[in-house]
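Please keep the 3D view open as you read.

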Amino acid sequence: MKRYLPLFANIISQMIFGFAYLFLKMGMAVVDQDTVKFLSFRFGLGFIALSLLLLLGIRKASYRGRPIRLIILCGLFNPMISQILETTSTTYAPTSQIAMYNSLLPVVMLLFSALINHEYPTRRQLMFVVLTTIGVFITTLADKSETGLTSLGLVLIIGTIISVSLNRVLVRRASGEFSSFEIVYVTTAMGAAFFNAISIGKHMMAEPISTYLTGLSDPRFLVSLIYMGIGSCVIAFLLMTYASANLPFAVFSSTSTLSTVVGILSGVFLMHETFRPVEALGVAVILIGIIGVSLSYDKNDASGNRFHKASETN
């Protein structure tokens, strides 16, 4: 049972990420689609929460004499690049469409993993990953004019997929030197410093600094902020990083598409977005692919990440 914990951890993290699109739209609406402002609050809250864990002695972190530049490279792609692209995309594309295109993550991640980490999936795993990708292409057969997806939205989504894929491959390599907490703490700190510097600077130059706090009095923004700052930045990222360090990469990448299904269903049933029969077929194929690659995780895969050396007990 213990060897399945990384798999369960990734499933939980992807469910949290799947509902994130819903809360992103909610929060962005309150701050008039100000991407950087929303991200400054989100990662600021996440950094405060992680720092409290350190101060209370619940978790520990040490970077002395270790290649922290590898974590910094991870943080460059996510959150600094990917989060701007992803958060902005919610303004130009429906939640369900963003989620569907994000199903391409397994293939892009496997490609970068082979090029950077020289890790390759088994034939059986590759077969189900390809099946998941076919499901994505089926969902894209829907007419963009009917779904509400704009050309700019599509560009932002593709950029997000590339930057997130690079981040997750690099995080897997970094896990050979650092624990999940150590990686997430630095990348979250980078996001908090980067987005707050830009947002505060913009407010100081263009309008009274007091407007920086606008939105905190709105319950919708607070709910969105707590979910994205604590649920996504802290809980989901810690679980996902732990899973990345302990799962075969093909299993990790394919089960990451579970967020796609959750995102689509939340967009359709909670936000009443357009959902055509061809998209329903695509989702069904994606689910079959996810289940198939998850079942391919057997005792021969239990070694997980060949880079993983750091202890998760600190």
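Predicted model: local features only at pLDDT ≥ 70, side-chain atom pairs only at ≥ 80, totals over all residues.

By class, the residues lining the largest cavity comprise nine nonpolar, nine polar and three charged ones. Here Ala, Val, Leu, Ile, Met, Phe, Trp, Tyr, Cys and Pro count as nonpolar, Asp, Glu, Lys and Arg as charged, and the others, Gly among them, as polar. The cavity itself has a volume of about 250 Å³. Of its 21 lining residues, F17, Y21, E86, V164 and R168 are the closest to the centre. Two or more lining residues come from each of α1 (5-30), α3 (68-92), α8 (151-174) and α10, and α1 gives the most, with five.

Residues are numbered from 1 along each chain as its sequence is written, and side-chain values use heavy atoms, with hydrogens and water left out. Helices (H or I, at least four residues) are DSSP runs numbered from the N terminus. A cavity is a set of points, on a 1 Å grid over the protein atoms alone, where a 1.4 Å probe fits but cannot get out; lining residues have an atom within 4 Å of a point. Grid points are joined across faces, edges and corners, and the volume is the space filled by probe spheres set on the points.

By this rule there are two cavities of 30 Å³ or more. At least two lining residues are supplied by each of α3, α8, α9 (180-206) and α10. What does this lining contain by class? It has eight nonpolar, five polar and no charged residues.

N167 is found in helix α8 and is buried, with a relative accessible area of 3%; buried means under 20%, exposed over 50%, and partly exposed in between (1.4 Å probe, protein chains only). Not counting residues up to four places away in sequence, N167 touches C74, F77 and N78, where contact means heavy atoms within 4.5 Å. N78 is in turn joined to P79 by a cis peptide bond, with omega about 25 degrees, and P79 lies in helix α3.

Now turn to the packing. In soluble globular proteins, nonpolar side chains tend to be buried together. The largest nonpolar core has 72 residues, and those with the most contacts inside it are F38, L50, I157, F221, M228 and F252. Such a core is a set of buried Ala, Val, Leu, Ile, Met, Phe, Trp, Tyr and Cys residues joined through side-chain atoms within 4.5 Å. α10 gives the most to this core, with 10 residues. Setting aside neighbours within four places in sequence, M228 is in contact with A20, F23, L24, F38, R42 and C233. A second, separate core of six residues includes L39, F43, A192 and C233.

Aromatic rings come next. Searching the whole structure gives 10 aromatic pairs, where rings of Phe, Tyr and Trp (its six-membered ring) pair if their centres lie within 6.5 Å, with planes under 30 degrees apart counted as stacked, over 60 as edge-to-face and the rest as tilted. How are the rings of F41 and F221 arranged? Their centres are 5.6 Å apart and their planes stand at 85 degrees, so the pair is edge-to-face. Because F41 lies in helix α2 (residues 35-55) and F221 in helix α10 (residues 219-246), the pair ties together parts that are 180 residues apart in sequence. Both F41 and F221 are buried, and together with F38 they form one aromatic cluster.

Finally, look at the loop between α1 and α2, which holds D32 and Q33. Most residues other than glycine have a negative phi, and most peptide bonds are trans. D32, although not a glycine, has a positive phi of about 55 degrees, and Q33, also not a glycine, has one of about 60 degrees. D32 counts as exposed at 65% relative accessibility, whereas Q33 is partly exposed, with a relative accessible area of 37%.

Definitions and conventions: 1 Å grid on protein atoms, 1.4 Å probe; cavity = no way out; pocket = protein on both sides within 12 Å on 5 of 7 lines; lining within 4 Å.
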